Amino acid sequence: MEQLKQELKEALIETLNLEDMTPEEIDNAAPLFGDEGLGLDSIDALEIILILERNYGIRIEKPSEGKEIFYSVDTLAQFITANRTK
Amino acid sequence: MKVFITGIGAISGIGQGGEEHLASFRSGQHGLGKITLFPTRHDVPVSEVKATNDNLKERLGIPRQQTLSRTALLGITAAQEAWQDAAIATTNGLRVGLISANSTGGMDLSEQFYPLFREDNSRGRLHHVASHDAADSTERIASYLGLTGFRTTISTACSSAANALMLGARMIRQGLLDVVIAGGTDALCKFTLNGFSSLMIVDREPCRPFDASRAGLNLGEGAGYVVLQSEKSLHKSPYAELCGFANSNDAYHQTASSPDGTGAWLAMKNALEIAGISPEEVDYINAHGTGTPNNDASESQAIYRLFGDRIPPFSSTKAFTGHTLGAAGGLEAVFSVLAIQRGIYYPNLNFTTPIEETGLMPVTSYSEQNPIRTVVSNSFGFGGNNTSLVFRQINR
Amino acid sequence: MFEKAVYINSIASIHPPVSEPADRIPGTRLKAEEPDYKQLIPNAGARRRMSRIIRMGVAAATRCLQEAGEAWQPDAILTATGLGCLEDTEKFMNSFLDNDEGLLAPTAFIQSTFNTIGGQIALLLGNHGYNNTYVHRGFSLESALLDAALLLAEGKASRVLAGSIDELTDTLYAILARFGCWKNAMAGEGAAFFLLSDQPSAASAVQLQAIDMISSPEKPGEAYLHAFLKRYHAEEATILYPEEYKQYSGEYPTAMGFGLWYACHQMKEKGLPAILLCNSFLDNHSLILLKQA
């Protein structure tokens, strides 16, 4: 699980171009979206959907399905562990 | 100084010219079908113009071997129709301008060039990339119509053509031009289809503007142009007046509209102010109404905020034509003018259940001879670019 | 020409180096000297998605507003570009070609649209004012300046931010080489923004007096230029030909943006009373008449 979280953080930093951020600076439990967290928005949500599909073989049809799943690195990792096909 | 509309031209998935469009609206015939213009793995309905590039060239008398983008061909078709409709016998002494809009230039041809070019930089026909820029179709229209004066091109995503009409009206008002052909054109292409797919806002079913179950837009293609004239240059009885226009930025997000519809509200409010018309006097709104959850919620809020409990009849025509992007404001200007001339309410197809928050109910059936004096037409786009136009019946 | 006077109160440009003598061989690629974007676009969240052309545009616009030295919003934002965001356009094309139209990342598509720079400037400023984007080859910036003058005359605005941006990419260079464009020209790029107002600022020295756009296969000749100057009672104006500023900026659809920046500088440095700035791009020819305010 910890390795998956590390992997996810690296993918987020690279795909979303989070300049000057390191995986250590992303708190596993902190919200990814909104001003109190990383400040991601709906475009980033679409990019995260692609990370799930490309890296873990999970398809999400509607962005609205992702709301709770994308809350934090923790929730993302749990969802991936339960649903991954690769 | 007043600005009058003396010519209209339109081509879309539901027909060419005003009469064909009205026949489709009357019979509820939408333009949606499978994608035939290019091979693609996306299986979604789109509203294609039912004519190949060769058909379009033949109708225009353009030799088949001449390379023109579909964007230019659609634009020439509609602009020429508007220009003929205005029937200006001589342009001697008149300053005639062309203000055209589009969202992706000659991308339909660039898509033939680029896959070859990226394999080998010496490959790909240069003719196929020469019309890549957004100005190419405008220059082609000017050259086809023999126009030598002012021309420019506007690109503000889905509000592009509405901004072209707005600039035309303002240049006439300030006495810089006497006559302006203004509108927009866009051809369906792989780039656009994949782009909107990447945003996950393309519905696999026919779109349902303003319905609670709406799940996205359908793409379309086409072109719509009007001829604008100053009072002094009039030679015939005009169809309507373009009396109000405003452009405002939502400044909320790169693609999404604000939940309270600030940009849309400002555009409508300011356009009515310029026209000197109160919201109570508006008889019909041709809404932007794309069918995406976000746009329709935001536009509904803006309509509600401006009109309160006196919401005029409104509808989106995009379930018929698809979203024609850079052409939408031009096509819908043509529909607005026809609405005033014949008192038409256009049906908003596929509507059954209102959006919970606002409860707005669009017009769902076609009717003519309604008392329509004033029409508001909305065009909102990515980048927060929102524009509203106000059309008014001529006082007789 | 305009109902109200139009003053250029602030200018900013990102362009290839002007101080060093450029290697003036046709075909040379002149690359814009880019500033430290972290200073000009401090919002990392906004900056992270921006491609190079967007950074150049937003940074030049920001610098233009900063140099005006006042903390107000412009009433309108106008942008101009001949070819728009080529890097993002190509990136998105590659993405759907490489993945057979699957796994589509939206960011490049969103930022490929011509109005993306104008939209992002508005977004960063929280500006709800008039916002428009002109995309007509050698008339792009000219159209934006004309629109600005209309807005000022209408009384709808008293401060308009207008600018132009074009980027040079490897693909563009290679395609235009096949068209033979670099036989007699250098390839360039740049971003230039101007703050236009109906009121001159203390620092303001330049008035935009007239704009002319001519569509013709032929360049307007000397007789045309002199007739134009006569019409605006500006016979004393120095004529600034395209070769003079394009030796620094290189050729691109909105090289006039750099030309206008350069002309404003020349007027100040040399104390010239008026300049007639000329440009030609394909069949689009334009003239901008500037005078000391």
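The structure is a predicted model, in which local features need pLDDT of at least 70 and side-chain atom pairs count only at pLDDT 80 or more, while totals for chains, interfaces and linings use all residues. Residues are numbered from 1 along each chain as its sequence is written, and chains are lettered from A and ligands numbered from 1 in the order in which they are written.

The order of the elements in chain A, from the N terminus on, is α-α-α. The radius of gyration of chain A, 12 Å, is close to the 12 Å given by the globule rule for 86 residues, so chain A is as compact as a globular protein of that length; this radius is taken over C-alpha atoms, and the rule is 2.2 Å times the number of residues to the power 0.38. The C-alpha trace of chain A spans about 30 × 25 × 20 Å along its principal axes. Of the 86 residues in chain A, 27% are buried. A residue is buried if 20 or more other C-beta atoms lie within 10 Å of its own, exposed if 12 or fewer, and partly exposed in between, with C-beta atoms placed from the backbone.

Chain A and chain C meet through 12 residues from chain A and nine residues from chain C, two residues being in contact if their C-beta atoms, placed from the backbone, lie within 7 Å. On the chain A side, five residues are nonpolar, two polar and five charged. Here Ala, Val, Leu, Ile, Met, Phe, Trp, Tyr, Cys and Pro count as nonpolar, Asp, Glu, Lys and Arg as charged, and the others, Gly among them, as polar.

The contact between chain B and chain C takes 46 residues from chain B and 45 residues from chain C. Elements that each supply at least two residues to the chain B side include α4 (107-119), β9 (240-249) and α8. The largest share, six residues, comes from α7(B). By class, the chain B side has 15 nonpolar, 26 polar and five charged residues.

Within chain B, helix α8 (residues 262-275) packs against helix α9 (residues 293-307) at an angle of about 45°, with the axes 8 Å apart. Axes are lines fitted to C-alpha atoms, for helices over the stretch in contact, and angles run from 0 to 180 degrees between N-to-C directions. The helices α8(B) and α9(B) are therefore oblique to each other; angles under 35 degrees count as roughly parallel, over 145 as roughly antiparallel, 65 to 115 as roughly perpendicular and the rest as oblique. Among the residues making this contact are W265(B) and M268(B) of α8(B) and A302(B) and L306(B) of α9(B).

A second pair in chain B, helix α3 (residues 70-86) and α5(B), packs at an angle of about 40° with axes 9 Å apart, and α3(B) and α5(B) are therefore also oblique to each other. Their contact has seven nonpolar, four polar and two charged residues.

Key:
Helices (H or I, at least four residues) and strands (E, at least two) are DSSP runs, numbered from the N terminus.
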